[in-house]
Amino acid sequence: MRKLPQDFSVDRQRTKKGNLPMHESAVKHVTGQAVYIDDMPEWPNELHVATGKATQAHADIVSINLDKVRAYPGVVDVIVQSDIPGEVDVSPVLSGDLLLAGNFVHYIGQAIFAVAATSLRAAKQAVELAEIVYQTREATLLPQQSLARQEFVLPTHTIQSGDVKSAMASAPHTIRSDMYIKGQEHFYLEGQISVAVPNEDGGVQVFASSQHPAEVQKLVARVLGLPVAQVLVETRRMGGGFGGKESQAAVLGCMAAVLAVRNRCPVKYRMPRQDDMVQTGKRHDFWNAYQVGFNEAGEILAAEYDMVGKCGCTADLSDGVVDRAMFHADNAYYLPNARISGYRGKTHTVSNTAFRGFGGPKGVILAENVIEEIACAVGKDALDVRKLNCYQAGKDTTPYGQKINDDVLPTLIEALEISSDYRARRHAIQAFNKRNAFLKKGLALTPVKFGISFTSKHLNQGGALVHVYTDGSVHISHGGTEMGQGLFTKVAQIVAKAFGIDYQRVNVSATRTDKVPNASPTAASAGTDLNGMAALDAVQTIKTRLCDFAVEHYGIESSDFAISDDLVHLGAETMSFPEFIKLAYMNRVSLSSTGFYKTPKIGYDRKAAKGRPFLYYSNGAAVSEVIVDTLTGEYKVTQVDILHDVGDSINAELDIGQIEGAFVQGMGWLTSEELSWDEKGRITTNSPANYKIPTSADVPEKFTVRLFERANSEESIYRSKAVGEPPLMLGISVWCALKDACASVCNHQYSPPLAAPATPEAVFYSMKAARDYQEARS
Amino acid sequence: MKFLLNDQCIEDNSLPSDFTALRYLREKRGLMGTKEGCASGDCGACTLLVGELNEGELRYSTFNSCITPVQSLAGKHVVSVEYLSQAEKLHPAQQALVEHHGSQCGFCTPGFVLSLASLYEEKQTCQQPIDRASVCDAISGNLCRCTGYRPIIDAGLSMTEIETGYVERLSKNDKVKQTLDELQCSASVDDYLSKPKNYLLPQDLDQLIAVKNIYPDGILIAGGTDLMLENTQRYHDFDTLIDLSQVSEMQGIREDGARLIIGASTTYSELEAYSASRYPHIYHLLGRIASCQIRNRGTIGGNVANASPIADLPPLLLAFDADIQLADSHGTLRNISIHDFYQGYKQTQLKQDEWIVSFTLSLDKLAHCHRFYKVSKRMEDDISSVMLAVRFATEDHQITDVRIAFGGMAATPIRALQAEARLCSAEVDDERALLEAIECLKKELTPLSDMRASASYRLDMACNLLRKGWLAVNQTDVVSFSGHGVSESILTSGMEGEAHA
């Protein structure tokens, strides 16, 4: 008989002494051993891609001359749209995103042709030599313009509740205004990249830095005119994703695949940072016009919101993004009478895409802005207005009809108010601001309530594949991708816990489309919810087989069979897991299973604009304190306290990492990160030299994150809650604290408009508006 | 060209002049731990250590390998992440990052490891504790998009408490010292002018003049922190590069009689260290310029000769009436005032074959009240929207001389002459004079709008920063924020100061 492998040693450095597992790649990260796609060995005949980019925002192409490009040393192949063997459309959901432009371009940076050369440098130098003549058309560059011109990528959707017209008319106070919220560059540290290697059957294997390998696979097959089964996509890890590699990564995979199959050689398409910042979509800008009616206490009676997303030139994922902005325009607050309309504005700019929060932040900031303004109007602390309007018993139905079934939000806000010493600090700040001529402090507590589930119902499914090998080692594959969030670690923990075995026995590897097919993107914070549940299902299948075998083999009751603490219990006897697995194998028990999960209970009736789009909500709140130099508008965030709801945490260390990272990313969006476009539609913030994400110096020393300890009331995986996106919106507390500091200039009689992001310039002019208001009154 | 890469002595004479250290490691050596995040020196994913012998001591500092020509590292020890963990033992920086969950996606992590390892070396060498400010300074050029930095800072703070069994400190490695010694000796006997080269590292002015005569088209490079962007962002290939960083006459800072002489090849870091105990306001400004990695490479001469209107040192030099010493390939030396140096956008008085040797500042003027204010969107590693350098000479409660110099307000670094004239001879606390000077600023400055700031904000800042400077000469320093935390003690400034509001 062939020898079966021995039990392996569990001495690998994967957990801190007695603590939770660290990120499965932590040691590989710090030693530089973790392999990203650009680190894979290159073939001697590997080619590198660069694309020729449109220099006009909206134009017909009159002529293209690529002779000099083709003649450039190192150039092996040059393709235009007609060279694509299959379909040219690489849209994720709808249509309009073309792999290469035809005779028409609709944003600056759009790829018109692609070059494959022996080096990236040669390819980049060659593309500059193209001669392209355009006939320009008028361009729409702002969402307000697209609204005025009624140019939309998709139809408008409206959510209504109560009788907003009469409630508004009878409200004692109303505020009517608008706010522009700029988008955000993902700035994942690893830029977009794919490598395509043709196989012997005319198909192709693609290594993609993608949150959605199944979609890359589908689209590669589409552009090549091949069955999906001929394409294999693999993603081991991304150097950050944040939504930017949900739909955007497919273009690189498709381009590399077309050139690889044409030239019968491996092709790498890695976007240098500038191309990435110009050619790939970002967080949507939004222009939100609003009117709210409220009473003397600051209770909201009516709300009318018109939210216009700057979708860019195509639909991409914008339907879901604008929907989610609408679903979160209430944030944590009850709106008894509301009309919320979401417009999908078409602009001649790069098609905006998913970004952590997926539209949600643009709704939440609107809600929080409204609260700050109401608080000043009724002369109350904003926190009291928040608590008054917060969803609670009797005020528990969202404008789209979903009920808030628990009291997590008010409990959590109250707990944070106490633990952060909010009231005492408020008094101290008032005293400070009175005494200080040049410096003003600001304080804000803002909550977030974030709906968990894809709003596209069909995406709420997960798949997994679990193998147990004869030495007792376990291998888990699932449809989710690892972008740093720790998904692989959490799913491995789930598998270990479900089996009852040591975590060290569970091995993770790359996400591959031939292991788990048709997987959903790793997005909507749902990675662990969907894939963890699918893995649990697979483990339970195998465990049932093992139990049946034990019952038959040992003649015990099924209730006498258990696996716990890495031991198999067979009535009075125990056996090591590897020993028992070997025995099961010898007795021909199947030791591999798939697992599947679909989220229950959800459904949204788009026609009625009512339903339950979300299985549950993840909640949290943050208190931020800032200090502003009134002479310049410069500021520092001096303290942040966060209390966040992750249900029963699967890995508190990873969850806290997600909360802190998301908070700082949200803070960056609303402070130093400012996208800028010129009047021609060209993005002028095209490099980290002019687009500034936070550094370590922007993070306050007093930065406390605690987890709200309460199990999920819904049956999620081990009663945990999704964590990826919700805490990003806690960064809004920094923006509100700055707004509070600005309002202090006029003693909070008025909440002056504050741009988003609140750069020092924006804060300076907001303070000036407060001063002007004050002077006009005195 | 020879250098020590980790534990391997390397000789490679086949490289293009502009071939970066990052490409060398990844493409020629298969050392894939060092990442390209931006190829512009902004993200730090490519951070490496360079070790050099200085009077027998081995000192390491960080640099951005993505914009550093590998040939500029000749004779030095280059350390990548692969070298730090040996025989399965992690370096304290690595172990601390693991224990504090300091990595998520991991792409930026090797860069952070090297920045923290550099801090560890430095602090162990001078036996100083590691505090939060020093950690943030060390990683000021490292961007992380996942963690929010808290665990990375905590890791940095705990490095000295880590027990990893990691025995040898980098700077104590005698074998490395010996190798670098040998490399230095072999370099000095090698008559580098006998063989054609594309990257030249002259050691003194005579050699530089000789080199410049042999390669008249050779491009001058110092730190390369701006020049190399031509190569990595615009894909321009350089032919011959002449590196000024080792020309002895162009190095160092020294006092000479009543003057302070700053060599053009002095790095920002060197000036920062020099000014720490002598000129706190210059020190503070340097902390706001670029990142630690860039300050370790970028030079004062480069910042001035580059003639960017948003450079931060030209306003400082204008405020001190600095003189510039120039030399050319004929060996001619001349002096020129900084006030005459800038001609127009990116245009200077430098002739085709001329370069800056040094700057001379008067110690008397350095003793005057001076302040520098830099406004940008981000505290660390950001380009100024507006920068003001101001100097007041006062006597008997009267302003006897004043310099008001701005960056970011015109096509060149610029003085506000009318405002200066209005304040000169005024009583120190004459607020009316200040207000009139501010009115002068509004007339004489016409800044542009761009992605960093609007024209109106720039002008408003020019006025308010001048007010800040005026408050300072009136003993009311208004706090200027930096990358460091805000301590309660500095917040008392401006208290009860309603009179000036």
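Author: What follows goes through the cores, a sheet, the domains and the chain contact. This is a predicted model, in which local features need pLDDT of at least 70, side-chain atom pairs count only at pLDDT 80 or more, and totals for chains, interfaces and linings use all residues. Residues are numbered from 1 along each chain as its sequence is written, chains are lettered from A and ligands numbered from 1 in the order in which they are written, and side-chain values use heavy atoms, with hydrogens and water left out.

Reader: What makes the largest nonpolar core a core?

Author: A nonpolar core is a set of buried Ala, Val, Leu, Ile, Met, Phe, Trp, Tyr and Cys residues joined through side-chain atoms within 4.5 Å; buried means under 20% relative accessible area, exposed over 50%, partly exposed in between (1.4 Å probe, protein chains only). The largest such set has 237 residues, and Y305(A), F499(A), L546(A), F561(A) and F663(A) have the most contacts inside it. Helix 15 (residues 527-554) of chain A gives the most, with 12 residues. A separate second core of 63 residues includes I209(B), Y268(B), L286(B) and I338(B).

Reader: Why are strand 16 and strand 19 of chain B called edges?

Author: Helices (H or I, at least four residues) and strands (E, at least two) are DSSP runs, numbered from the N terminus, and two strands pair if DSSP finds at least two bridges between them. The open sheet has 4 strands in the order 16-17-18-19 (chain B), with antiparallel pairing. Strand 16 (369-375) and strand 19 (414-415) of chain B each have a single partner strand, so one side of each has no neighbour in the sheet.

Reader: How do you know that strand 17 and strand 18 of chain B pair?

Author: The definition asks for at least two bridges, and 9 join strand 17 (residues 386-395) of chain B to strand 18 (residues 398-407) of chain B. L388(B) stands opposite F406(B) in strand 18 of chain B.

Reader: What are the domains of chain A?

Author: The bounds come from an automatic or database domain assignment, which gives domain 1 (38-138 + 186-279), domain 2 (286-455 + 606-777) and domain 3 (461-598).

Reader: What is the area buried between chain B and chain A?

Author: Buried area is the accessible area (1.4 Å probe) that two parts lose on being put together, summed over both. For chain B and chain A that is about 7,300 Å², with 57% from carbon and sulfur atoms. R145(B), Y235(B) and K377(B) supply 13% of the area that chain B buries against chain A, more than any other three residues.
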